[in-house]
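Student: I have a structure open and would like to learn how to read it. Can you take me through some features, one at a time?

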Amino acid sequence: MNDALVIAGQSYGSRLLVGTGKYRDFAETRAAIDASGAEIVTVAIRRTNIGQNPDEPNLLDVLPPERFTILPNTAGCYTAEDAVRTLCLARELLDGHALVKLEVLGDPRTLFPNMPETLKAAETLVRDGFDVMVYCSDDPIQAKMLEEIGCVAVMPLASLIGSGMGILNPWNLRLIIDAAKVPVLVDAGVGTASDAAIAMELGCDGVLMNTAIAQARQPVLMAQAMRKAVEAGREAYLAGRMPRKLYSADPSSPTGGLIGS
Amino acid sequence: MIQLFVNGQAETVDDGLTVSDLLSRRGLAGKRLAVERNGEIVPRGRHAETALADGDRLEIVVAVGGG
């Protein structure tokens, strides 16, 4: 079945996107990402520790950009200006690579997005030629605004970043999915495999997660579970679930031909 | 001598130092990184020709784990 996820004209076989933070070490990072089957992996952009450990391994040696689509993020940015600066540095770091994840945070306690700043940054980045995948609130109106600005994917939260609280408002996600002409990915909040499957069954085009894998007791095993959950959820969505009926009175086995009748 | 602010830290260096010189002094030559000078990207191809000036603010960044 050819069921590729297409983002900014590029096709991807996997609908699971994963982050690279919070792992014990780079070996575990790579093992979990391999088990997840993800082709798109997010990274953060940070200052080098000048003069300290110049020989310490580099994340991009572990996850070579020739093999993975590196998705630089703007985690930790609270203004449009900081987010744009960060992604200009990311584009230089990744040799002109245009695909980026925009997130502008509004509050360190909840990490909820600051939507006015997110919209402002999206406009600037789209104008500068970036392909913007954007972390946003699950407000269908603002998700539509981001699409109209020219973002290549909208990525509403399912619940707070790192919370593992799952899909808290499936109906808002549905409203966003129904209206969107670009891929909709759940970004943030997935805690376990069933959450990812629910997101996909709702009709999401993909799921982006980090903590649910990295903070599992066995990250590599959870990465594998998430791969299966996203695939299963996608297939269930495409297959179309049966209608919900409180009383079925319609058994699966034949009603005739019973012995002794 | 000129004063620079490299990743937020003040330091004093010789006149005429280029971005390339600064990176190699720190063992960062050839690493996957990006440099911003006073808010503008310094493309990799221009590190060798970009001389630093007094008061320059530099950001040198790499990719790290993140979601």
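Tutor: Keep in mind that this is a predicted model. Start with Arg26(B), which is buried at a relative accessible area of 13%.

Student: Why does Arg26(B) count as buried?

Tutor: Buried means under 20% relative accessible area. Arg26(B) has 13%, so it is buried.

Student: Which side chain meets Arg26(B) in a salt bridge?

Tutor: First the general idea. Side chains of opposite charge can pair when their charged atoms come close. Here, Glu11(B) forms a salt bridge with Arg26(B), at 1.9 Å from N to O. This pair links distant parts of the chain, 15 residues apart. Glu11(B) is in strand E2 of chain B. Arg26(B) is in the loop between helix H1 (19-25) and strand E3 (34-37) of chain B. Glu11(B) is buried too, with 19% relative accessibility.

Student: What does the salt bridge between Asp56(B) and Arg37(B) tie together?

Tutor: The N to O distance in that bridge is 2.7 Å. Asp56(B) sits in the loop between strand E4 (40-42) and strand E5 (57-65) of chain B, and Arg37(B) in strand E3, so the pair ties together parts 19 residues apart in sequence.

Student: Are Asp56(B) and Arg37(B) buried or partly exposed?

Tutor: One of each. Asp56(B) is buried, with a relative accessible area of 4%. Arg37(B) is partly exposed, at 22% relative accessibility.

Student: Which residues are joined into one network by salt bridges that share partners?

Tutor: Asp3(A), Arg15(A) and Arg234(A) make up that network. Look at one of its pairs: Arg15(A) and Asp3(A) meet at 3.1 Å, N to O. Arg15(A) lies in the loop between strand E2 (10-12) and strand E3 (16-18) of chain A, and Asp3(A) in the segment before strand E1 (5-7), so the bridge ties together parts 12 residues apart in sequence. Arg15(A) is buried, with a relative accessible area of 8%.

Student: How many salt bridges are there over all chains?

Tutor: The count comes to 18.

Student: Now the nonpolar side chains. Which residues touch the most other members of the largest nonpolar core?

Tutor: In soluble globular proteins, nonpolar side chains tend to be buried together. In this model, the largest nonpolar core has 71 residues, and the ones touching the most other members are Leu102(A), Leu146(A), Met209(A), Ile213(A) and Met226(A). Helix H3 (residues 80-93) of chain A gives the most to this core, with 8 residues. Apart from it lies another core, of 16 residues, including Ile2(B) and Val42(B).

Student: What does the record say about Lys101(A)?

Tutor: The unreviewed UniProt entry has the annotation "active site" at Lys101(A). Such annotations may be inferred rather than shown by experiment. In the model, Lys101(A) lies in strand E6 (residues 99-102) of chain A. Lys101(A) is buried, with a relative accessible area of 2%. Leaving aside neighbours within four places in sequence, its contacts include Thr42(A), Tyr135(A), Asp187(A) and Gly67(B).

Student: Where is Asn7(B), and what lies 3.1 Å from a polar atom of its side chain?

Tutor: Asn7(B) is in the loop between strand E1 (2-6) and strand E2 (9-13) of chain B. The backbone oxygen of Thr48(A) lies 3.1 Å from that polar side-chain atom. Asn7(B) is buried, with a relative accessible area of 9%.

Definitions and conventions:
Residues are numbered from 1 along each chain as its sequence is written. Chains are lettered from A and ligands numbered from 1 in the order in which they are written. This is a predicted model: local features need pLDDT of at least 70, side-chain atom pairs count only at pLDDT 80 or more; totals for chains, interfaces and linings use all residues. Side-chain values use heavy atoms; hydrogens and water are left out. Helices (H or I, at least four residues) and strands (E, at least two) are DSSP runs, numbered from the N terminus. Buried means under 20% relative accessible area, exposed over 50%, partly exposed in between (1.4 Å probe, protein chains only). Contact means heavy atoms within 4.5 Å. A polar contact is a pair of N or O atoms within 3.5 Å; within protein, one must be able to donate a hydrogen and the other to accept it, and residues adjacent in sequence count only if both atoms are side-chain atoms. A nonpolar core is a set of buried Ala, Val, Leu, Ile, Met, Phe, Trp, Tyr and Cys residues joined through side-chain atoms within 4.5 Å. A salt bridge is a side-chain nitrogen of Lys or Arg within 4 Å of a carboxyl oxygen of Asp or Glu.
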